[in-house]
Every structure is written in C-alpha cells, then in structure tokens.
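Welcome, and please open your viewer.

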Amino acid sequence: MTVIATQAPFKADHVGSLLRPDSIHKARKEFKEGTITAEQLHEVETTEIKRIVDKQIEVGLQAVTDGEFRRTFWHTDFMAHINGFEGYTPDHGYRFKNVETEAYDVRNIGKISFSSDHPFVKDFIEFNEIVAGRAVAKLTIPSPNQFFNEGIRDVNLYPDIEVYAQDVIQAYRDAIQTFYDAGARYIQLDDVYIAGLSSPDIPFNDKQYPREYLIDLALRVANGVLEGKPEDLSVTTHLCRGNYQSDWAFEGSYALIAPTLFAKENVDGFFLEYDDERSGSFQPLEHVPKGGAKVVLGVFTSKHGELEDKELIKSRVKEASQYVPLEQICLSPQCGFASTHHGNLLTEEQQWNKLKYIVELSHEILND
C-alpha cells in the first residue's frame, strides 16, 4: 500500500482525541480493581484502536490517530514519562468555567532528558502498523511549552528558567528524532500554555518573568525543538483554551501572541480554536506569513454534536481568507472529542457524523 504523500496538515483534519468506548472504560476500571492484567487492558485498547482507525479512513480523513485511547489525559501521560518528571495528585484540579477537573499533574524532580524507552514510542510503532500505510499515522503529544506551566519546574533544581528551557528543548529534539526513526511523519504539539499567554483571564504580572518575556521564551523553545528536524516530517501546533467534558478554561483572542508565534514559529500548521466568540476575530491571522504555515480553522466544535450551519461555515472561511490565503486554510474541530478519558458531551455517532461533515465541506469550500 502507498502512504498518502500530501503535506500535512490536510484540508480536512482533526485534533486527535476520540470518545472512549464503554469497553475501554470498563477495562480500565477492571484493571484498577485488579481483575484484569495490563496485557488484557492493552488488548482491549488495541481492538478499539483498530476499529477507530478503520472508521476515520471510512469518513474520508487522510490523517488518522489512535484516538489517544491508551491515555488518561492528553498531556500528563506523556509528560510524566519524560526523565526528570513524575505524575502526582495535587489537592485540587484545574478550575474550568463550570467544573473543576480531576486532580492530576506532573512536577519536576530531576535532570530533564528523553529516553527511547518512553512508552509512547512502542505505542506509536504498534499504531503505525495498524494503519499500515492506508493513511498518515498522526502522533499527538503535548508541546514542550506545557512544561512551563506554573508549579511544574522545581526552582531548586532549575533556578534559571533558561537552563530549564535548554534541557526541555534537548529532550524534545531527542523525542522527535526517536519518533521519526520509529516511522512518524506527522507530529502535532498540543499547547494550552501558549494560548494562555494571549488570554486576559490569566495574569502574568511577575516582574522577573513578564508576559512579553514568556511569549519570546515560548517561541525560542518551540523553534529550538524544531531546529534541524527531518525535512519530510510535518509538525503542527494546536492552541487550545481548555477542553474538559465540553467545558472551557479561559477566553481571549490570539492577538497578544500572533506577532511573535504566528509570524515566527517554524511549524507547518496552526490548529486554532474558533468555534465560538471566546476566540476573538480572525484578524491575528494576518501575522501568518503568506506561503507559510497552514491555518487549520477550528470552526467546528467538539463540545456538542449538532452539525454547524453550512452557510455559516462558508462565511467564516471567507472572512478568514481576508487575512490568510484560502490555499493555506484547512478545516477541523476546535479541539479533540475527548481530551481526557471522560470525553465531551456528545455521542460517538455524532462524533463520526461531524468528522464526515468536515471532510465533505472541505471538498466543497476549499476545493480539496
């Protein structure tokens, strides 16, 4: 079979996570209770990953994911297995608009590095074998900038944030090369931290590290990681304002970060959240270089199952094309359908219908 060679991101794409079926919820519960083994849990997950890979191909997607079916949260499962970090249960979860998340986070406990025995490497190899060249196997991992969220860095181990940044950069360079060697050709870096840098809801009043410095540091970290990456590896970034059981964490346009990140981050595409008024206008897209990164407009929502009005989507794409050329525009949901194991408040049938609808409209609106 021949792997699709089109440069990612694709005209119709999706962020990555999919609703976990009841079989996985049941198996995870049984594993925690000690009634099934880790191997048996893995078998259940593998069976369901095979099913949803077939389904993604069936609805017309050119890039498919494993649905993040082996994860509990979109970010902490990966982060906790980076050398120098551990997962732990804090007193409280993150406060979203209407709910507090399940409490779990990571913290820095030692020297940072990446090991080739990270469990995501084996998981990707197995996933890629399941895809078997029928589509592009897309790997989603948290952005290196997620490690700069407040409370993660141990200031006693890393008193200088610049030294901390260099070790995070090197760990991710090694990670990307390891995944590339394992067969990955499309990697998405998921990032709530950078979106937060552009939100008035989140204060950055630290005199030592003001917002402007942190935005510049985020760019240097992102580009440092991508320096020297293989030419045939596509890397995108997804900027999200929180996605937990159909709730959100903060609001604010991309205006504060656009002149730096949109203009200068060396990625192949930006997955952007534009499914409601919290996201602001499309004007920050004017900073994306013409002929540069693609802009994947998240004008469809993963938070509910109703299909968006076709004419509204057309008008929004037309509006966005005032700032970035139509040939650089792609379509997707604003986020995944299940950033955590809980999932958003819609059915699996609605999830597939929405993804199929996105593919259909990409052909109609973007001349895909």
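Start by selecting H1 (22-33) and H2 (38-58). Helices here are DSSP runs of H or I with at least four residues, strands are runs of E with at least two, and both are numbered from the N terminus. Two packed helices are described by the angle between their axes and the distance between the axes. For H1 and H2 the angle is about 170 degrees, and the axes are 10 Å apart. The axes are lines fitted to C-alpha atoms, for helices over the stretch in contact, and angles run from 0 to 180 degrees between N-to-C directions. H1 and H2 are therefore roughly antiparallel to each other; angles over 145 degrees count as roughly antiparallel, under 35 as roughly parallel, 65 to 115 as roughly perpendicular, and the rest as oblique.

A word on what you are viewing: this is a predicted model, in which local features need pLDDT of at least 70 and side-chain atom pairs count only at pLDDT 80 or more, while totals for chains, interfaces and linings use all residues. Residues are numbered from 1 along each chain as its sequence is written, and side-chain values use heavy atoms, with hydrogens and water left out.

Now show the side chains where the two helices meet. On the H1 side, pick Ser-23, Ile-24, Ala-27, Arg-28 and Phe-31; on the H2 side, pick Ala-38, Leu-41, Val-44, Glu-45 and Glu-48. Contact means heavy atoms within 4.5 Å. This meeting of H1 with H2 has six nonpolar, one polar and three charged residues. In this grouping, Ala, Val, Leu, Ile, Met, Phe, Trp, Tyr, Cys and Pro are nonpolar, Asp, Glu, Lys and Arg are charged, and the others, Gly among them, are polar.

Next, select Phe-69, in the loop between strand S1 (63-64) and H3. Is Phe-69 buried or exposed? Phe-69 is buried, with a relative accessible area of 0%; buried means under 20%, exposed over 50% and partly exposed in between, using a 1.4 Å probe and protein chains only. Leaving aside neighbours within four places in sequence, the contacts of Phe-69 include Ile-24, Arg-28, Glu-45 and Glu-48.

Most residues other than glycine have a negative phi, and most peptide bonds are trans. Phi of Glu-68 is positive, near 60 degrees, and Glu-68 counts as buried at 3% relative accessibility. For another positive phi, of about 55 degrees, go to Ala-132, in the loop between H4 and strand S4 (136-137). Ala-132 counts as partly exposed, at 39% relative accessibility. Then find the peptide bond from Ala-8 to Pro-9, which is cis with omega near 0 degrees; Pro-9 is in the segment before H1.

On a 1 Å grid over the protein atoms alone, a cavity is a set of points where a 1.4 Å probe fits but cannot get out, and a pocket is an open set with protein on both sides within 12 Å along at least five of seven lines; lining residues have an atom within 4 Å of a point. Grid points are joined across faces, edges and corners, and a volume is the space filled by probe spheres set on the points.

Select Arg-28, Glu-45, Arg-70, Thr-72 and Asp-77, which lie nearest the centre of the second largest pocket, among its 23 lining residues. About 660 Å³ of space lies in this pocket. Which helix gives the most to its lining? H1 does, with five residues.

For the largest cavity, of about 120 Å³, select Phe-120, Asp-123, Phe-124 and Phe-127, among others in its lining. H4 gives the most to that lining, with four residues, and the lining divides into four nonpolar, one polar and five charged residues.

Finish with Ile-161 in helix H5 (residues 161-181). Ile-161 is buried, with a relative accessible area of 6%. Not counting residues up to four places away in sequence, Ile-161 touches Phe-148, Arg-153, Tyr-209, Tyr-213 and Leu-217.
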